[in-house]
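Colleague: I would like to learn how to read a model like this one, feature by feature. Could you take me through it?

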Amino acid sequence: MRRPRRSLRLLLAGAVLIALGLGGCGIPDNSTVLPIGPGPTTGTSSGNDVPPTRNDREATLDKAQFVQYYLQAAAGVFDDAPNRVRKFLAPITAATFKPSPDIHVVRQIEKPLVNPGSDNVTVKVQQVGVLGRNGILEPTPNEPVVEHHLVVGTLTGQSGLFMQKAPPQLLLSDEAFTNFYVQRTIYFWNTERSGLVPDVRYMPLSVPSEQQPTEILRWLSAGPAPWLTDAVDPLPEGTAAIGNVPAVSNDKLQINLSDQALPQAEDTRALDRLRKQLMWSLRPNLPRVLELRIGHGDPIDYTDDLDYLASNFAYRLADRPERFVVFDGRIRRLSGSAAATEPVPLLTPADNRNVRAAAISTSVSDAYAAVVVGEAGGKQSLKVGVSRLDGQAPLRKVTLPGPLGHPSWAVTPDQRAASAFGLIPAGGALYAFTTAGGPARRIDVSVDAGPVTAVAIAPDAHRVAFVAGGRLYVSVLATSGDALQLSSPRQIRTPLREVTAVDWSGEGWLAVAGVRADTRRVAIMDVSIDGVLEYDRLQDLGTEEVSYLTAYPANPATGRVTSNSVNYVQGGVAYDALFEAVKITVANLAEPVQNPPAGVAPTAPFFLN
C-alpha cells in the first residue's frame, strides 16, 4: 500500500503566466513570484513540530485498521519503543516479546488481508531501513517482500482488540515514520578541517523542544553515521554533555561539555571549530546567545555571532543562482537569472565552441570550468581550466575514454587551484580530473551494478551521489595518502525501477529522474538520502528518458530543505521542472540570437556553484 506523496509542484497559476510572459526561464528564486513550497521544510512530511495523534489499542475494532495503528506504535522516543508496542499485545504475547532495539521501517505492499470470521491477518511488507538509537536510518534497499501472518482478536473480559501473534521485530510503517519524525541535521568537520559535512538524523516529534539539545549533543558525542566516517572527524573521545541541557532562559542556551571536548594540546582554533559545529547542529534550537563551558573552565558567550554560518559551504548558495544552457555549441546565460548580462566565466570565445555539456564552479578567488566538447567523427573530449574570477584562461585537455557524461566539481570557498578536482562518468566508469588536465584517474565505485552514467557532488565537496546500472548510490570522497578514493557506497531505494539522472536538492535530499516502477512512466522526484522519504516534482513525463538533471541545492540557512531550481534534459531539449515541464527556448537566452538555426534548442542546463 503506497502512501500518498505530497507534491513539490504547487505553483501560483498567475505566477506561471507572468514568468512565461516575461520570456524568463522559469521563475527566478529571488523573485516575488515563487514556487509555493512544497515538500518538507523543517520536518519530514509533516512540515511542523507537532506530532499527529497516536492511536492506542482500543481506538478501533476494525482488524485491518488495528494493524495500521500497531505499525505506528514503535514511533517516538527510542528506548520506550518496545513498551509502546507491548501495549498492543495480548499479555501472554507481551511476556515473551523481546525484540532487538532497532526499529525496522517497512513499506506495506498492500492493505492488510483480513478473512471474514477469522482472527488471522496477513500483511506484506518490504523493509526499507533500520532506525537506530542515534537517529541514524540505515537503508536496506535489497530486502525481499515478507509476508507476516498475524493473529488479531479479543480476550475474554477485556475491551478492544489484541495482537495475539506478532512479528519478533519492532516494525514501523514508512507512513508512520514520515508522520512521527522530523529530519534533523548535525555536522562534523571534514578531515581537512576546512568545512562542515552534514549528517542527517531523525528526531521523534514527541521529544519536546527543550529536550532536543540534549539529544543532539548525545548524537554528536556518539560520532558520525558509519557511511561518513572516512570523510569527517568525530569529536574527541570522551566528549559528553555534563548533565542535561537546561531549557533556554533569557534567550540563552547553556552547553556544558566534559574536558575531553577540548584536549589541552589543542589551540584556540579547535574551540572555534567546536562552537561552530555546535551552533550549526543546534541551529533550530539556537536562541540569541550560546553559552559554552568546557569542563571547569569559564563559560564563553557567543552573542548574535553569525560568522559560524560560513563554516557550512552550503551557506554560500545564493538566493538567485546564475543559470546557463548550451545553445548551438556555445554556453549562454539565461535571462531572469543572476548576472544575466555578464560574460560566461573563464572561457575565451575560442574555447566556447562545440560545447556539449559543462560545469562551472567558483571559490572566493577563482573560477573553475570543465567543458565537454565535440570533436571530429562524433567523438568527445573534456577540457578544464582555472582563472581568477574576472579572468580567462586556456583550457587543458583531459585524457578519458568515451562516451562522456556530465562533469561535477568538488570546489570549496577557499579552494586552491592546484588541489581542485572533479568527477565525470566516462566509458561507463567514474573518473577524477584536476585543473592540470592530462590523464584522468579511474575511481573504484565498489559496485558491480553496471555502467556509471551520472555523478553529482554535494556543496560540502565530500558527499557524492551517482547512478550505476540504473541504481542510485551515495558515498563520500576521502583521501588515502595522495590518492582520492570513494568509500563503500550505499544503495538508495527509490520508487523508480530505473534511475537515469541525479543531483543534490538539499543537504539531506536528492533530485532524481527515471522510470517509475508502478506506471512505467518517466518522472522526477525528490528522495531523502536514505530513500525512505519521497516527494513528486513531475509525476508523468511520458516515456522518453530524462538523460540529465541539474539542481541548485537549497541553502539550509533559508529553512528550505529541497531545491527551488531544477532543470533537466529530455530528448535533447532543456526544461524547467516547475508545476509542469516548461521548455527553455531561444527566447529565454539572455543575449538575443539573430536568425537562430532551425531545429536547435537549448540543452545541457547548469548552475554556477
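Modeller: Gladly; we will go through helices, cores, strands and salt bridges in turn. This is a predicted model, in which local features need pLDDT of at least 70 and side-chain atom pairs count only at pLDDT 80 or more, while totals for chains, interfaces and linings use all residues. Residues are numbered from 1 along each chain as its sequence is written, and side-chain values use heavy atoms, with hydrogens and water left out.

Colleague: Let us begin with helix α6. How many of its residues are buried?

Modeller: Two terms first. Helices (H or I, at least four residues) and strands (E, at least two) are DSSP runs, numbered from the N terminus. Buried means under 20% relative accessible area, exposed over 50%, and partly exposed in between, with a 1.4 Å probe and protein chains only. In α6, residues 212–222, eight of the eleven residues are buried. Among them are Pro213, Ile216, Leu217, Trp219 and Leu220, but also Glu215.

Colleague: What covers the buried residues of α6?

Modeller: Contact means heavy atoms within 4.5 Å. The cover includes strands β8 (181–189), β9 (196–204) and β10 (252–257), together with helix α7 (268–281).

Colleague: What span should the 14 residues of α7 have?

Modeller: The expected span of a helix is 1.5 Å times one less than its number of residues. For α7 that gives 20 Å, and the end C-alpha atoms are 20 Å apart, so the two agree.

Colleague: How do I read a nonpolar core?

Modeller: In soluble globular proteins, nonpolar side chains tend to be buried together. A nonpolar core is a set of buried Ala, Val, Leu, Ile, Met, Phe, Trp, Tyr and Cys residues joined through side-chain atoms within 4.5 Å. The largest here has 98 residues, and Phe177, Ile255 and Leu510 have the most contacts inside it. Strand β8 gives the most to this core, with six residues. Apart from it lies another core of 39 residues, Ala357, Ala358, Ala367 and Leu382 among them.

Colleague: Now the strands. In which order do β13, β14 and β37 stand?

Modeller: Strands of a sheet pair through backbone hydrogen bonds, either parallel or antiparallel. Two strands count as paired if DSSP finds at least two bridges between them. These three form an open sheet in the order β14-β13-β37, with antiparallel pairing. Because β14 (330–333) and β37 (603–607) stand at the edges with a single partner strand each, one side of each is left without a neighbour in the sheet. Three bridges join β13 (residues 323–327) to β37, and arginine 323 has phenylalanine 607 as its bridge partner in β37.

Colleague: Which strands pair with β5?

Modeller: Strand β3 (residues 120–131) is joined to β5 (residues 145–153) by seven bridges, and the two run antiparallel. Threonine 122 has histidine 149 as its bridge partner in β5. Three bridges join β5 to β6 (residues 162–165), again antiparallel, with valine 152 opposite methionine 163 in β6.

Colleague: Last, how many salt bridges are there?

Modeller: A salt bridge is a side-chain nitrogen of Lys or Arg within 4 Å of a carboxyl oxygen of Asp or Glu. By this rule the count is 28. In one of them, arginine 388 and aspartate 366 have their closest N and O atoms 3.4 Å apart. This pair links distant parts of the chain, with arginine 388 in β17 (residues 380–388) and aspartate 366 in β16 (residues 366–374), 22 residues apart.

Colleague: Is arginine 388 buried or exposed?

Modeller: Arginine 388 is exposed, with a relative accessible area of 52%, whereas aspartate 366 counts as buried at 9% relative accessibility. In another salt bridge, aspartate 526 meets arginine 537 at 2.4 Å, N to O, and both residues are buried. Finally, Asp272, Arg275, Lys276, Asp305 and Asp307 are linked in a network of salt bridges.
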